[in-house]
Amino acid sequence: MARPHVLVVGGGFGGLEVAFALRYLLKDRVQMTLVSDSPHFLFKPNTIYIPFGMEPERLLIGLERPLRRRDIAFLRARVTEVHPERRTVVANGNTIRYDFLVIATGAGMRPEAVPGLREYAYSIWTPQDMLRLRQAFQELLRTARSGKSVKVLFLVPPNNKCSGPLYEIVFMLDTYLRRQGVRERVQLTYTTFEGSFIQSFGPRLHEVVTREFERRGIVGHTQYVVKAVRPGQVEYESGKEEPYDLLIAFPPYEAGVRFVGLPSDERGFLLTEPRTRQVRGYPMIYVVGDAGDFPVKQAFLAFLQADTVAEHLALQVAGKNAFRGFEPVSMCIMEMLDTATFAQVPLVLDSPVAQVRPGAGELYRVGVSPLWRLGKKFLGKYLPFRFGAGNPFHMGLPWRTIEKGMKLMSSLLAR
Ligand SMILES: Cc1cc2nc3c(=O)[nH]c(=O)nc-3n(C[C@H](O)[C@H](O)[C@H](O)COP(=O)(O)OP(=O)(O)OC[C@H]3O[C@@H](n4cnc5c(N)ncnc54)[C@H](O)[C@@H]3O)c2cc1C
């Protein structure tokens, strides 16, 4: 192949990181096209601030300029089909050829899996959902200020693959209501199907959440598997019921796009070779981020997968780059508005369910401190800056410097 054509589908964390990392590693040795059905990158993790006043526009970065800067053709279109035998995809009815394909189309929600969830629960998936929640919080404040009590119920149903953000919302709401002087009129209850709180991240996160729930007067229940949602009441498989005035849920996940003909699980997530992120049986097709079968769906893990794919592709095209393979060590900062929790969690690579890697030792670290909020703020500015300038977030000297800083912070503020 003289100058292979790499086609990236999706302009989120995974898609942009692969595209920019590949340009960084291979310079002009590949031709690249990125197809996305949106003209913007959305910094989803910070949509948690929208219900508390942030405007969604602040979380968008236009794709066209940074891609042009890196000589990556941008096509705004929706990809609906992949034909591996012809090495083509279909986007808005047009056929595009590729030598290598990277699928990074993310995940979607399936609220219909739980009767009544779509009708009666607020969701936290899109910026529009978050704006609706903002209105609900304003209404909640008005009711509490009028002297009435309000019950707010949080719900994580089975097959949600990233429960962390809903924990952030309950902690942030607690702090927000305290600052507004109405916390004592609002009862906060949190129910999850998980065996422990934020189960994918293991026992240390469970301990932190349990402690914080106690400290803040939030009632928390694990192993509460929802059966149905009715007006004013949630029914669980055990026969228990919880009443609510306001219900906030993070629905079950499914793949953003189902690619017929490629191997996938029952929710449409593409099956991969764990170390390389190649689609099983299709070595010219890779999948990155929420679209793939890794059981935890997270931006940081999408970055690690994107780096893996860029390195593997660079090895195939140039023959001499280092290839480390996907090592799932998640990092996240859980916002609580008055403080924050940092977690670094090594996960098992080849398991259909999320598990902390046994014997992870020092690599598994968790800490609570208001200083971690600065880390979250910094990432909220730095990541859009990197992508806006057409650079990979997770590669090069700046990232290595940040990594050193985080290691230092984590040695002081996490155990
Ligand atoms: C409220 C909330 C808070 C979160 N907080 C965190 C956090 O603190 N830390 C963390 O690590 N993760 C967090 N996450 C998870 C994180 O946002 C996702 O894991 C991440 O966005 C996945 O990246 P991705 O590139 O796989 O998919 P996405 O970011 O969803 O991008 C998918 C891209 O594909 C495009 N696309 C979709 N379908 C098509 C199609 N058919 N054709 C062309 N383009 C298409 C979309 O427009 C989009 O550009 C949070 C998620 C939510 C909802």
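Which residue has a polar backbone atom 3.4 Å from an oxygen atom of the ligand? It is G12, and the legends below begin with that site. This is a predicted model, in which local features need pLDDT of at least 70, side-chain atom pairs count only at pLDDT 80 or more, and totals for chains, interfaces and linings use all residues. Residues are numbered from 1 along each chain as its sequence is written, and side-chain values use heavy atoms, with hydrogens and water left out.

**View 1. Polar contacts and the shell around the ligand.** The polar contacts named here are pairs of N or O atoms within 3.5 Å; within protein, one atom must be able to donate a hydrogen and the other to accept it, and residues adjacent in sequence count only if both atoms are side-chain atoms. The backbone of G12 supplies a polar atom 3.4 Å from a ligand oxygen. R78 has a polar side-chain atom 3.3 Å from a nitrogen atom of the ligand, and K376 has a polar side-chain atom 3.5 Å from an oxygen atom of the ligand. On its own the ligand has 1000 Å² of accessible area, and the protein covers 92% of this. Such areas come from the Shrake-Rupley method with a 1.4 Å probe; for residues, only the protein chains shown count as cover. Two or more residues of the shell come from each of α1 (13–26), β2 (31–36) and α7. Helices (H or I, at least four residues) and strands (E, at least two) are DSSP runs, numbered from the N terminus. In total, 33 residues surround the ligand, and the closest are G14, D37, V79, D290 and A299; a residue counts as near if one of its heavy atoms lies within 4 Å of the molecule or strand in question.

**View 2. Helix α7, residues 299–318.** At 1.5 Å a residue, the 20 residues of α7 should span 28 Å, and the C-alpha atoms at its ends are 28 Å apart, which agrees. The expected span is 1.5 Å times one less than the number of residues in the helix. Of the 20 residues of α7, 16 are buried, so the helix is mostly covered. Buried means under 20% relative accessible area, exposed over 50%, and partly exposed in between (1.4 Å probe, protein chains only). Just after α7, G319 takes a positive phi of about 80°.

**View 3. Salt bridges.** A salt bridge is a side-chain nitrogen of Lys or Arg within 4 Å of a carboxyl oxygen of Asp or Glu. The whole structure holds 19 of them. In one, R183 and D174 meet at 2.6 Å, N to O. R183 counts as buried because its relative accessibility is 9%, and D174 is buried at 0%. R86 pairs with E85, with the closest N and O atoms 3.7 Å apart; E85 is exposed, at 59% relative accessible area. E235 and K227 form a further salt bridge at 3.6 Å, N to O. E235 is buried at 16%, whereas K227 is partly exposed at 42%. Salt bridges with shared partners link D174, R178, R183, E212, R215, R216 and D338 into one network.

**View 4. Cysteines C162 and C332.** How many disulfides does a search of the whole structure find? The search finds zero, a disulfide being a pair of cysteine sulfur atoms within 2.5 Å. The cysteine sulfur closest to that of C162 is in C332, 8.8 Å away, which is too far for a bond. C162 is buried, with a relative accessible area of 18%. C332 is in no disulfide either, and its nearest cysteine sulfur is that of C162.

**View 5. Positive phi at N159 and L337.** N159 is not a glycine, yet its phi is positive, at about 75°. N159 sits in the loop between β12 (150–156) and α5 (164–179) and is partly exposed at 28% relative accessibility. L337, also a residue other than glycine, has a positive phi near 75°. The loop that holds L337 runs between β22 (329–335) and β23 (340–346). Is L337 buried or exposed? L337 counts as buried because its relative accessibility is 12%.

**View 6. E403 in helix α9.** Helix α9 covers residues 396–413 and includes E403. E403 counts as partly exposed, at 29% relative accessibility. The C-alpha atoms of E403 and G10 are 26 Å apart, and the two residues are 393 residues apart along the chain.
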